[in-house]
Amino acid sequence: HMLQFLLHSSTAFTLARAPVLNGHPLAPATRARHHAVVAREIAFVAQSEARCEPFAATRARPLGDWFAQEDALRILMSQAESCRRLDEDAPPGSETQRWEVVTPIEFPGMVARSVTPMDIRVDAAADRPTLSISSGASETQCSGGPGWAQALLSRIGEIATTVSSNTVDVQEDEGGGLTVVSRVKLTVKLSIPTLLLPPFVPAGPFERSGSESLQKLLDRDMGTVLGRFREGYLTWATGD
């Protein structure tokens with residue numbers, strides 16, 4: 001899973017920065033004073049374009065109306081453990097919406113969850129609707145496990161920055177059918193201590209490997225999500 005990969009990567013670097021005593025990381029309150037850690041910046045970048053199978057829209061329930069439905073947005077965010085709308089007081093079908101997605105990752109004896117706000121803008125034009133989804137700053141919430149581990153995991157945001165965008169629109173194929181197209185771009189930047197990545201070690205191989213992993217996840221997941229988005233519309237359009 002894409003978000004799990006990001007959390008795994010960030011967690012590894014966060015834990016690696018923690019001072020240790022007798023093989024156990026020190027809690028933040030017990031750490032000795034030390035100079036600021038010099039870090040190197042590396043970036044993982046991936047982008048993908050996916051599309052669903054062609055289909056025909058109905059006049060009774062335009063495709064643009066489906067784009068603004070909460071069920072449609074939930075499908076696009078279905079890779080997460082859960083999602084919920086934050087601006088519940090906004091009227092149904094609002095052009096701008098704010099959601100929150102939660103993605104878990106399990107560790108022995110504890111569970112960490114990445115909580116990320118998502119800003120959504122919908123242009124519900126009847127024939128050629130468009131929506132865009134962009135991520136905000138994530139935070140990590142932990143349950144179970146020792147206090148020092150929870151404290152370290154909560155600091156992931158200090159070394160990792162993730163920026164993602166997803167633009168979804170509609171295109172017409174040569175046969176007159178409609179297809180939903182998703183264009184995703186994902187950038188992950190990590191600030192890695194030079195102790196782990198010294199200046200004489202080239203960052204290129206790390207960036208290529210991380211980018212390739214992200215790319216595989218995007219290529220694997222987005223086609224499935226768009227297939228469900230298409231089926232969701234066809235079910236909704238023929239409903240009562």
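Visitor: Which side chain does Glu 49 meet in a salt bridge?
Guide: Glu 49 pairs with Arg 51, at 2.9 Å from N to O. A salt bridge here is a side-chain nitrogen of Lys or Arg within 4 Å of a carboxyl oxygen of Asp or Glu. This is a predicted model, where local features need pLDDT of at least 70, side-chain atom pairs count only at pLDDT 80 or more, and totals for chains, interfaces and linings use all residues. Residues are numbered from 1 along each chain as its sequence is written, and side-chain values use heavy atoms, leaving out hydrogens and water.

Visitor: How many salt bridges does the count come to?
Guide: The count is 12 salt bridges.

Visitor: Back to Glu 49, what is the relative accessibility there?
Guide: Glu 49 has 47% and counts as partly exposed; buried means under 20% relative accessible area, exposed over 50%, partly exposed in between (1.4 Å probe, protein chains only). Arg 51 is partly exposed too, at 41%.

Visitor: Which residues are linked with them in a network?
Guide: The network of salt bridges links Glu 49, Arg 51, Asp 169 and Arg 183.

Visitor: And how far apart are the closest N and O atoms of Asp 169 and Arg 183?
Guide: They are 2.9 Å apart. Asp 169 sits in strand E9 (residues 160-172) and Arg 183 in strand E10 (residues 178-193), so this pair ties together parts 14 residues apart in sequence. Strands are DSSP runs (E, at least two residues), numbered from the N terminus.

Visitor: Is Asp 169 buried or exposed?
Guide: Asp 169 is buried, at 16% relative accessible area, while Arg 183 is partly exposed at 30%.

Methods:
Helices (H or I, at least four residues) and strands (E, at least two) are DSSP runs, numbered from the N terminus.
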